[in-house]
Structure formats: C-alpha cells, structure tokens
Amino acid sequence: MVIPLHITFRNLPASDAIEAEIRRRAEKLDQFSSQIMHCQVTVEAAGKHKQQGRLYEVRIDLTVPGTEIAINHTHRHEDVFVVIRDAFEAAVRKLQDHMCYRRGDVKVHEVPCRGRVTKLFEEGYGFIESGDGREFYFHRDNLIYPDFDRIDLGAEVQFLEDTAGEGLQAKRVSAGKHHPPG
C-alpha cells in the first residue's frame, strides 16, 4: 500500500494476524482509488456479551482530496475478522460512491410534471393535460395513487413524462396535493 496506514487497537492486545488482514484489505482500496491520502483503522473490543463472548467494532477513516470518508462498522460480531471484512466492504462502497460523485456520474432524477386529468375511460385509461397544454395518455397500471377507480376528472396529478410509440405518455402518475419544487 502506497498510502499511509495507521492501525490502532483498543481494549485488546495488538495482533499480527489482525494487522496482516487489515493491511491486505487496505491494499485493495488502492484498486478503487489512487487518491487516498491516509487510512486510519481502529479495532476495538467492545466488551463481553453474556451469550456471545467478546464483541468487536471496526472504524475506518479515509482521507481523500476534498473530504474524509468514515466507516464506523457498528454491526458487532464475535469474530473480529468478520467485522474487518464487513467494514472494508462498506469502505469500498463508500469510496466507489465518492469517486462516482467526483466524476459527475451521479444519477439525476427526472423532474415530475404536473397537470390535470381531462378524460377517463372505463377500459382503464385516461388523459392528462399538462400546464403547457400538451396531452398525455396514461393507463391504470401507471397510476400510483389513488386506484384508477378512485381518481376523478379534474384531479391534479404529478407524473413523469415519457414518449411512447403513439405519442406522449405519463408514467408514475399520482394524484393529491402537490407543491411546486423549491
């Protein structure tokens, strides 16, 4: 591992086997980001449980440009190696999320449109007119709330715009009181 690694033991003696496992897993973090500047791992014996014996906690603090990533693996287990594995798996996920965010690979959620139900048909479909006058088809399967049998003409709805083979379609339609964002 090129990055500085600091290992601390609390309430238990230092162990070559535990330290070797931490070093092995910390080296793998380099595969996910070459920008890690520092890695601090704390292994703590959290006390004795009546039925399970000694329980362990692992905390990992990673320093990367612009932020620190902290993993406090509070899921206690009586096998310290299981806790180390779980903590490093969580660190990998957080590091991957951070790297995606830095690259701008974050998922952008669609902004819902608003409109009013203008037509309903017993066959289980209807039409919505958006605020700009466009008409959207919707099917009962695209209605989230309320059930198709309970929606009324003129109901204010929120939906996601979609383009289908026949034209504009509304998906994830929900009725009720919707406030404009912001």
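Visitor: Where is the place of Ser130?
Guide: Ser130 sits in strand β6, which covers residues 125-130. Helices (H or I, at least four residues) and strands (E, at least two) are DSSP runs, numbered from the N terminus. Keep in mind that this is a predicted model, where local features need pLDDT of at least 70 and side-chain atom pairs count only at pLDDT 80 or more, while totals for chains, interfaces and linings use all residues. Residues are numbered from 1 along each chain as its sequence is written, and side-chain values use heavy atoms, with hydrogens and water left out.

Visitor: Does Ser130 count as buried or exposed?
Guide: Buried means under 20% relative accessible area, exposed over 50%, and partly exposed in between (1.4 Å probe, protein chains only). Ser130 comes out at 6%, so it counts as buried.

Visitor: What does Ser130 touch, and with which side chain does it make a polar contact?
Guide: Contact means heavy atoms within 4.5 Å. Leaving out neighbours within four places in sequence, Ser130 is in contact with Arg114, Gly115, Phe136 and Phe159. A polar contact is a pair of N or O atoms within 3.5 Å; within protein, one must be able to donate a hydrogen and the other to accept it, and residues adjacent in sequence count only if both atoms are side-chain atoms. The side chain of Ser130 makes one with the side chain of Asp132, at 2.3 Å.

Visitor: How many bridges join β6 to β7?
Guide: Two strands pair if DSSP finds at least two bridges between them. Here five bridges join β6 and β7, which run antiparallel. Phe127, for example, has Tyr137 in β7 as its bridge partner. The two strands form a hairpin with four residues between them, and Gly133 in the turn has a positive phi of about 90°.

Visitor: Which residues of β7 are on its covered face?
Guide: In a regular strand the side chains alternate between the two faces of the sheet. In β7 (residues 135-139), Phe136 and Phe138 make up the covered face, whereas Glu135, Tyr137 and His139 are on the uncovered one.

Visitor: What about Val117: buried or exposed?
Guide: Val117 belongs to strand β5, residues 113-121. With a relative accessible area of 2%, Val117 is buried. Beyond residues up to four places away in sequence, Val117 touches several others, including Phe127, Ile128, Phe138, Ile151 and Leu153. Val117 and Glu135 are 18 residues apart in sequence, and their C-alpha atoms are 9.6 Å apart.

Visitor: On to charges. How many salt bridges are there?
Guide: A salt bridge is a side-chain nitrogen of Lys or Arg within 4 Å of a carboxyl oxygen of Asp or Glu. By this rule the count is nine. One of them pairs the side chains of Arg85 and Asp86, at 2.9 Å from N to O. Arg85 is partly exposed at 33%, while Asp86 is buried at 15%.

Visitor: Which residue forms a salt bridge with Asp149?
Guide: That's Arg140, with the closest N and O atoms 3.2 Å apart. Asp149 is exposed at 66%, and Arg140 is partly exposed at 31%. Elsewhere, salt bridges with shared partners link Glu21, Arg24 and Arg25 into one network.

Visitor: How many residues apart are Glu21 and Arg25 in helix α1?
Guide: An α-helix has 3.6 residues a turn, so residues three or four places apart point the same way. Glu21 and Arg25 are four residues apart in α1 (residues 16-32), so about one helical turn separates them. Their side chains meet in a salt bridge at 2.7 Å, N to O, and both residues are buried.

Visitor: Which residue caps the N-terminal end of α2?
Guide: Asp79 does, with a side-chain oxygen 3.0 Å from the backbone nitrogen of Phe81.
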